[in-house]
Amino acid sequence: HAAQRGRMLYVPRVWPNPGGPRVLGTVQILTLVLCSCSGKTAALPWDLPANSSWEHQGGLVFIHMESSLYSLPCSPIEMEVAHPTYRWVQDRAASRLFSVTKEGHLLFQRFQAGDSGKYSCTISYMKHGVPVSQTFHYSIFGYHVLGGLDTVLVFHSKLCEDERTKRFLRDLQDKLRQLEIKQHCKLQLTDTFCFPSLNNPSDEFIVQVQLEVSFFGPHWDEHCNSQDVEMVTDCYRKTVRHNLGQVQLALTRFFKEHKSFHITGPDIPSSNFTNEFVGFLKTKHCSRGYGQTKQLQRCLDCCIVCPPGTFGPPKTSQCSPCPVGTYSPIYGVAFCTPCKDGMITRVPGARSMTDCVKKERTKQAVSIVHRIPVLILIMLPALLALNFLFILSSCYWFYREYQVSTSRASEMTGRTTRMETVTSFFRIPRQGPQAGPDAGPASDTSDVDTSASQGGNEEPTDGAPSPPVTSNLAAVTDDTTPVLTQEDRKDTF
């Protein structure tokens, strides 16, 4: 859908009036309705814009890595215009020269991961004497089908010196160059190890070389010329499977013909590196700077180039965000670029060097983030110790309360038992009846004579009843024997 910009709608002052204002309004409304139904921009017959331009989204474009030639048209639809001009630009700040055909097609030869990005093509032409331009925007991503080969080579040598080994590896790489061209592949030495031999450690060394084989060399896709994405992807898979077997046979034959490599030079003594073993391992990981992002729906297992702010390390199949302190401004990087000294990024996934700021600005936030795990590790033992002490103290106080309550209960039980013993011994009820005014003489409840007083001060009264006697039981303890006391109370007149 086109978004119209820079258009100006106006009505001239002079207009034929065949039927009055109502006819004019009817013609205008019918014109707008017809233009809307036809899917075109509504424009009145007298619309003569000074300049017209449209913006279109061309969509996603996927190009296989190391493609021999890929042609991208400026417009996804056929446009018949007179004397058009084409202009391709990329969203990068650095200027770049493009290979463009006279039909406006952008050409990519041996497409690389860094060629990915956002592209725009503007087609300009004249229509009824008015300049018109249409711009189409594309997002281009590199990708590749899965398939690779790791080769392990084992050589025997009399010495294990860095300079001699480097000279041997350079000679090996030069001789493998012809095999690369013939098999349309890439051979890259990744690691080298040198260690003493187990059979003769003092006089023989083993040099192990790891060789990585990529099937996407020059002109590897010369048999796949289809423009359909699904058909060309199937062709790429078949080509990779075919090249896998061919490269294995070619490498095996090569090392049978080149059994020994003689290294000599003015600065190093001559020596031989004799091949003893060749091994192959099929791989299914993405190339450096690529990951399985699932963007290409027709090839979900394909590896898509990692966008800016991410990186794809070797021997992996995922794109990861750039860590804090690094950034990635381009597509398809294996490792992110560190910020300058004294600078850091606020969050992971930075895309530009401008995202790097001085550490003072984010020092407080970063220090808090980094200190949180340390603080947790420091405080966790203390919190566990406090909880343990709280549990122990709670158990101790609970035990003390339980012991105290148990001892009190035992003491009260003992006192009650002794009280009952004394009471039963003296036959004294715990609560005697109170003598009322009409009560008769007190009954004899004890064997003690209560008629005589100790002091002899009591004077009998004629016709007066005997004074009531109240028995008080003294407190009983473990150290004293129970004593019974009597107290006479006299009536006062």
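Me: Which residues does Thr165 touch, once those up to four places away in sequence are not counted?

Reply: Thr192, Val207 and Phe273. Bear in mind that this is a predicted model. Thr165 itself lies in helix 2.

Me: What makes Thr165 buried or exposed?

Reply: Its relative accessibility is 10%. Buried means under 20%, so Thr165 counts as buried.

Me: Phe273 turned up there. What can you tell me about Ser157 and Phe273?

Reply: They are 116 residues apart in sequence, yet 5.1 Å apart in space, C-alpha to C-alpha. Ser157 is found in strand 9. Leaving aside neighbours within four places in sequence, Ser157 is in contact with Glu204, Phe205, Asn272 and Phe273.

Me: And why is Ser157 called buried?

Reply: Its relative accessible area is 3%. The cut-off for buried is under 20%, so Ser157 is buried.

Me: Back to helix 2. How do you know that its length agrees with what its residues should span?

Reply: Helix 2 has 22 residues, and at 1.5 Å a residue they should span 32 Å. The end C-alpha atoms are 31 Å apart, which agrees.

Me: Where is the kink in helix 2?

Reply: It is centred on Leu176 and comes to about 30 degrees.

Me: Which residues of helix 2 are buried?

Reply: Arg164, Thr165, Phe168, Leu169, Leu172, Gln173, Leu176, Leu179, Glu180 and Gln183. An α-helix has 3.6 residues a turn, so residues three or four places apart point the same way. The buried residues of helix 2 pack against strand 9, strand 10 (186-196), strand 11, helix 3, strand 12 and strand 13 (271-283).

Me: Which residues touch the most other members of the largest nonpolar core?

Reply: Phe155, Phe168 and Leu251, out of 47 residues in that core. Among the elements that give two or more residues to this core are strand 8 (130-144), strand 9 (148-157), helix 2 (162-183) and helix 3 (229-257). Helix 3 gives the most, with nine residues.

Me: How do you know that this core lies between domain 1 and domain 2?

Reply: Domain 1 (52-143) and domain 2 (148-275) both give residues to this core, so it lies between them. Another core, of 17 residues, lies apart from this one; Val61, Phe111, Ile123 and Val132 are among its members.

Me: What does Leu251 touch?

Reply: Not counting residues up to four places away in sequence, Leu251 touches Thr151, Leu176, Leu179, Leu187, Leu211, Val213 and Phe280. Leu176 is also where the kink in helix 2 is centred.

Me: Let's do rings. How many aromatic pairs are there?

Reply: The structure holds 14 aromatic pairs.

Me: Take Phe216 and Trp220. Why is that pair called edge-to-face?

Reply: The ring centres are 4.9 Å apart and the planes are at 70 degrees. Centres within 6.5 Å make a pair, and planes over 60 degrees apart count as edge-to-face, so the pair of Phe216 and Trp220 is edge-to-face. Both Phe216 and Trp220 are buried.

Me: What makes Phe254 and Phe255 edge-to-face?

Reply: Their ring centres are 5.1 Å apart, with the planes at 85 degrees. The limit for edge-to-face is over 60 degrees, so this pair is edge-to-face too. Phe254 counts as buried at 8% relative accessibility, and Phe255 is buried with a relative accessible area of 2%.

Me: Which residues do ring pairs link into a cluster?

Reply: Phe155, Phe168, Phe254, Phe255, Phe261 and Phe273.

Me: Last one: why is Val278 not called buried?

Reply: Its relative accessibility is 24%. Buried means under 20% and exposed means over 50%, so Val278 counts as partly exposed. Val278 has its place in strand 13. Leaving aside neighbours within four places in sequence, Val278 is in contact with Thr151, Val152, Leu153 and Phe255. Val278 and Thr252 are 26 residues apart in sequence and 7.2 Å apart in space, C-alpha to C-alpha.

Note on methods. Residues numbered from 1 in each chain as written. Predicted model: local features only at pLDDT ≥ 70, side-chain atom pairs only at ≥ 80, totals over all residues. Heavy atoms only, no water. Phe/Tyr/Trp six-rings, centres within 6.5 Å; stacked < 30°, edge-to-face > 60°. Buried < 20%, exposed > 50% of the residue type's maximum accessible area, 1.4 Å probe, protein only. Core = buried A, V, L, I, M, F, W, Y, C linked by side-chain atoms within 4.5 Å. Helix = DSSP H or I, 4+ residues; strand = E, 2+ residues; numbered from the N terminus. Domains from an automatic or database assignment. Contact = heavy atoms within 4.5 Å. Expected span 1.5 Å × (residues − 1). Bend = angle between axes of the 7 residues up to and from the residue.
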